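Visitor: Please show me the model, and then I will ask about it.

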Amino acid sequence: MLRLERRPQPSRAWVWAAPLLAVVLTMLAGGVLFAALGKDPVAAIRLIFWDPLFSQQFAAFSRPQLLVKAAPLILIAIGLAIGFRAGIWNIGAEGQYIIGALCAAAVAMAFFPSGPTDVRFLGLEFTMDSAPSRWWLFPLMVAAGAAGGFAWAMIPAILKTRFNTNEILVSLLLVYVAEKLLAAAAVGWLRSPEGAGFPGSRNLSRFPEAANLELIPNTGMHWGVVAAIIAVIFGYILLHRHMLGFHVQLAGQAPRAARFAGVAPARLVIFCLGLSGLMAGLAGMFEVAGPARMISIDFNVGYGFVAIIVAFLGRLHPVGILLAGFLMALTYIGGELAQFTLGLPSAAIQVFQGMLLFFLLALDMLSNYRIRLTSREVTP
Amino acid sequence: MMGTMDLSSINPVVLAAALMVAATPILLAAIGELVVEKAGVLNLGVEGMMITGAITGFAFAVSTGNPYLGMLAAVAGGAGLALIFALLTQYLMANQVATGLALTLFGLGFSALLGQGYSGVSPPRTPRMDFGWLGDIPVLGPILFRHDPLVYVSLIIVAGVWWFLRYSRAGRILRAVGENHDAAHALGYRVRAVRVAAIAFGGACGGLGGAYLSLIRVPQWTEGMTAGAGWIALALVVFASWRPWRALLGAYLFGGIVTLQLTLQAAGWRIPVEYLAMAPYLVTIVVLVVISSGRARRTLSAPGSLGRPFHAAG
């Protein structure tokens, strides 16, 4: 008879082997799924995981996309992982991402040049002799995006610390509120006056001082990628080289011990939710000013939720998240390729990503438990 | 009159009848989750189970032409997804919060995949119950006695769960498992088996709730049509402080708010639709705050072992 025996310490080998094995199993199960949908499974898997990087035909377009898609995932997942380690579950990053983007876009629109020299701000019209360089606008948008995401995450944080309200439910419910705000902005207060009544804001790529342009042409490298790299380094230092990181781990693994060690639970909740909200808001800001170019009703594509998978797949470790972010970005890009060339439904990729998390959670058992073969005996 | 509100067009009888219909999907999902949590398990995948039930029920009803077969398929679909959760959390010891989220992410994708080709299709109609002369009673008749069968089924399930938890031996074992799984295990109760059964029941109810949306309330299939109903059901369990009748009360209060909001939209209130549509989520948050804070605090009534993993060492 099979029996599970708890390991005194998680197996380090399995902690890192589990995600790799999960990816392999997901490919196999995904292949079965694609075959069931009437597609050639080998071709589909190759299209998702190989062609975006190495095919002559697609790589030129796909490779830059890898950075574009991975950056928001990594940025959001680093913030989430810090909270998850402390047992604080922010699952509303999607909402914080939207609000960050809305705040940043609102700042940009406030300074959008309506004529060659006129600037409208708060209903007032300033006429300038010559348009000065607004070098400060982009940093201001970054600050607005971060502040927006932070503020949105402060709602569950303060409700949790003040009223003991469950942060999981509140942060998630606020995603729906943020989506409605996004829709209201796209058809209302941020709608482009030149858009002939169609929903959607002005196009930020036509406003160089506010645009998050490619830093190196044809690489996909934009300021969000820079921010994601900084986040990985910052996350590593915080979690592995700083007292605060130790407190975060302690609070997650032994809450009572953490209290004796002087960790204030309320402050930790504020810190973890605030930081993850801030990073999700930043991701939204870089997205709206860069790849998305504008606020539209379908601006959010689920990065906030997929980042949860990225955080777990990366073992809540900054370097792991970096790798997992690229892998998930690959499934997005490869999924799109498979959609165009094989007619694979886009939902199939969502299923694929969900299966990956299932397999990962299942295989995690191997890092915490040993499987023992025992003869059936009467347990005392 | 354009743009102004015409309150006289709001009929309280129609409103009250619509309230029960609006409340039924989240009531079904919440009563299922209540049993799961009473057994000490937190399954955050309600949204995923609901949407899976919504599409399996819809697809089955359309292909067989029989809405009741569709509802059975929804029950099977919801329970099937819940059993994945049971396998992961009860046998492979996976984290319940993470697994619940995985269930929701997977369910949303899976339902979208199954639902291809079903958008724009009309499901077979579910006939309303005929209670004879009861339906002709003024005011009460249309409010209480002219609904589809599932409205009454949901009430029967609430009563059944109440009786089961309070008076049946199996119900007491389930509560013991939820309050203190180590003690229940020591007494010889099969903690895992009880929990797996509760999780499957929760999934079945969630699936049925989803099918109510796609087959009766809307009735149509659209991707992501549950729109957070599963999360609201989870909040409802907290609001109910794990008591079946309070879940019923909460669901109907909530149904009232949703109905009122839709009526105000239809009556042409000046607030843009997007802001009115926030109401259900904001109200849920406010209620959660009130319930979890201060003197009204009822977290003490949460099952003692809620969300904690059980691993029999002996």
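Visitor: In the lining of the second largest pocket, which class has how many residues?
Guide: In this predicted model, the lining of the second largest pocket includes seven charged and eleven polar residues. The nonpolar class there numbers 20.

Visitor: Which element gives the most to the lining of the second largest pocket?
Guide: The pocket has a volume of about 1200 Å³. Of its 38 lining residues, A:V301, A:G302, A:F305, A:Q350 and B:L108 are the closest to the centre. Two or more residues each come from α7 (167-187), α12 (303-313), α13 (318-342) and α14 (346-363) of chain A, and from α4 (96-114) of chain B. The most, six residues, come from α14(A).

Visitor: Which three residues of chain B supply 15% of the area that chain B buries against chain A?
Guide: The contact involves 47 residues of chain B and 43 residues of chain A. About 3800 Å² is buried between the two chains, and carbon and sulfur atoms give 82% of that area. On the chain B side, the three residues that supply 15%, more than any other three, are B:L105, B:L113 and B:W231.

Visitor: Which residues does A:I76 touch, not counting residues up to four places away in sequence?
Guide: A:I76 is among the residues with the most contacts inside the largest nonpolar core, which has 227 residues. B:W231 is also in that group. With residues up to four places away in sequence not counted, and contact taken as heavy atoms within 4.5 Å, A:I76 touches A:A93, A:Y97, A:A280, A:A283, A:Y303, A:G304 and A:A307.

Note on methods. Residues numbered from 1 in each chain as written. Chains lettered and ligands numbered in written order. Predicted model: local features only at pLDDT ≥ 70, side-chain atom pairs only at ≥ 80, totals over all residues. Heavy atoms only, no water. Core = buried A, V, L, I, M, F, W, Y, C linked by side-chain atoms within 4.5 Å. Buried < 20%, exposed > 50% of the residue type's maximum accessible area, 1.4 Å probe, protein only. 1 Å grid on protein atoms, 1.4 Å probe; cavity = no way out; pocket = protein on both sides within 12 Å on 5 of 7 lines; lining within 4 Å. Points joined across faces, edges and corners; volume = space filled by probe spheres on them. Helix = DSSP H or I, 4+ residues; strand = E, 2+ residues; numbered from the N terminus. Nonpolar A, V, L, I, M, F, W, Y, C, P; charged D, E, K, R; others polar. Buried area = accessible area lost by both parts, 1.4 Å probe.
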